[in-house]
Amino acid sequence: MTPQSANISGKANETSSLLSSRKSSMADALANVEDGYGSPDGKKNKDGGRGDGYATSDTGSSSTNVASNDDGESPEEERANKRHTWLLPFFVNIFLACASFSIVMPTLTPYILDIGAPLAFLPWVVSSYSVGEMLGSVLIGYYYEYATKTFETVGRGPRSSMMLCTFLGVIGSCLYSAAGWSNNKACLLIARFIQGLWTGGQQAVEQAYLSAAVHPSKRTEYTATLSTCAVLGFVMGPTIGALLSQTDTTIFGLPVNAANSAGIFMVVGTSIMFIQTTLFFDGKDDISGRSTDNDKEGNDENNNADSGESGRKERPFNYHGVAMCMVIFYVHYYSFAVQETITTPMVMILYRWDALKINLLFTGAGIASIITAFSVRYLTRYVEDTTILIASISIGFIGSILLIDIPFNPTLPVWRFLLGFGLITVAFPIGRNVVLGIFGNVLGEVNQGRWMGIIFAISAFPRVLGPFVSLELLTSVDWQTWLEFGITSALFGTTLLVTWRGIGGLIPYADFEKEQNKRYNRLVSCHSPSPMLGRSPASTRQNGEQ
């Protein structure tokens, strides 16, 4: 054998050893993933695997080789459960925030009249809250991402973001109460805008943190759990408001009565939120800002080992999946905005319902939402998220169709209204929770503060124009429902067809990246020169000598 041949043979052996070592390392890593997450591809397990502690830094060994504690949990699962200390602060914040939102709605109209503002001022107050919600979700979402990446102390970014949100809530609630004492409608407008900043930012921070702290296979389930707490707040808000409506006293010489008692509740509630966030929320489950270039290089090496050596320098982005999630999210929130805006005046005019019947209607809607949120939480353990997503759009489409009045019977029958209203009520929590879970998976293991802010800003947009457009569509056709709910039906129907055709884009980022790398490698191989063209006469003679 010639020296050149020996050299070539030696390099081949080195390459073979390197590949064998890499495969062995990958096999070990895959075993750890299977032990920790339950399956390497992120699919759901009935027992949840390590889904309850995705962001923990402990990587334990195989569950078959470790002892369990008295409750039957492995040490890894026990540590994961202990790390979920963020759940209690989130439960408290979400409940109080949603109760503060719902306690305002029944009392806002009399509060506006009490401070001497005309009823025409109501849409502006409602829209100012939604504008603040749009801006707050984007701006605080961007701050969350910036702070998480910039601050060296783990947890300082998420913690400061949540404290900022709750502090804005305290300021807005104080101004809301002050508007009644000063009879200043401008103060009320500013107060609702700041409160919108608070709730918009809080939603973005909570969902971004959840995506970082929870395994992809568990995100929809945890979103549904937090949504259950939100629905409880929505239901309890009017109940608390009814109790406070009997108040007629003074505090530090300032009157507290039925009109401004909601503001006092919000001051107390947001103060509790700020204090308990400061004391109990450490923000250490989100370590997405600590990724380094070395980590990225390691991820690239693993991806290349799975799908062949790739020359891509930038990780692909699933524009198709992100856009689909935003469109579906918008349609569900558009339907929700229409429902919350026109239901009360519509049933008063069409069916002559009084306040008692209207309150019973929304109480029933709240109970249905709670049952739905609980159902989604458990359903996601056994049914794919995309299947539940298709179901939510279909339910919304059927409900909207039922709410369209028939030309030869202008008045919508009560039974059809109740059935359509119920279906839309159920469709919203299903769609919201599932879309947020899928959206987090589509984005992948990156800091999601900015993107969660954008999607919540999109959801707030229908509520900016809703108070003006929805009522205009009804009054323009003499309170017939075919125009308003015809548009809603068309939106749901079009979204259903688009989602059905493009469901393949709503996949976890890891799967999307592998597919894109395979396509890239096929494209490169098609445009690479033939191996025969790369052979030189010298190498041909050397092979002949061997």
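**Exercise 1. A histidine and its surroundings**

Is His-332 buried or exposed? Work this out on the predicted model, then describe what surrounds the residue.

*Solution.* 
Step 1: Locate the residue. His-332 sits in helix α10, which spans residues 319-350.
Step 2: Compare its accessibility with the cut-off. Buried means under 20% relative accessible area, and His-332 has 3%, so it counts as buried.
Step 3: List the neighbours, leaving out residues up to four places away in sequence. His-332 touches Ser-392, Ile-393, Ala-427, Phe-428, Gly-431 and Phe-492.
Step 4: Look for a polar partner in that list. The side chains of His-332 and Ser-392 are joined by a polar contact of 3.3 Å.
Step 5: Gly-396 is 64 residues from His-332 in sequence, yet their C-alpha atoms are 7.9 Å apart.

**Exercise 2. A threonine in a helix**

Find which backbone oxygen the side chain of Thr-148 reaches, and decide whether Thr-148 is buried or exposed.

*Solution.* 
Step 1: Thr-148 belongs to helix α4, residues 122-150.
Step 2: The side chain reaches the backbone oxygen of Tyr-144, at 2.6 Å.
Step 3: With a relative accessible area of 9%, Thr-148 is buried.

**Exercise 3. Two tilted ring pairs**

The structure holds 24 aromatic pairs. Work through the geometry of Phe-167 with Phe-274, then turn to Tyr-509 with Phe-512.

*Solution.* 
Step 1: For Phe-167 and Phe-274, the ring centres are 6.0 Å apart and the planes make an angle of 50°, a tilted arrangement.
Step 2: Phe-167 is in helix α5 (residues 156-182) and Phe-274 in helix α8 (residues 261-280), so the pair ties together parts 107 residues apart in sequence.
Step 3: Check their accessibility. Phe-167 is partly exposed at 44%, and Phe-274 is partly exposed at 27%.
Step 4: Now take the other pair. Tyr-509 and Phe-512 have ring centres 6.0 Å apart and planes at 45°, so this pair is tilted.
Step 5: Tyr-509 and Phe-512 are 3 residues apart in helix α16 (residues 509-527), so about one helical turn separates them.
Step 6: Finish with their accessibility. Tyr-509 is buried at 10%, and Phe-512 is buried at 9%.

**Exercise 4. The whole protein**

Let's zoom out. How many helices and strands are there in the protein, and what percentage of its residues count as buried?

*Solution.* 
Step 1: The protein has 17 helices and 2 strands.
Step 2: Of its 546 residues, 46% count as buried.
Step 3: Consider contacts between residues at least 6 apart in sequence. Of these, 80% join residues at least 24 apart.

Conventions. Residues numbered from 1 in each chain as written. Predicted model: local features only at pLDDT ≥ 70, side-chain atom pairs only at ≥ 80, totals over all residues. Heavy atoms only, no water. Helix = DSSP H or I, 4+ residues; strand = E, 2+ residues; numbered from the N terminus. Buried < 20%, exposed > 50% of the residue type's maximum accessible area, 1.4 Å probe, protein only. Polar contact = N/O pair within 3.5 Å; in protein donor to acceptor, adjacent residues only side chain to side chain. Contact = heavy atoms within 4.5 Å. Phe/Tyr/Trp six-rings, centres within 6.5 Å; stacked < 30°, edge-to-face > 60°.
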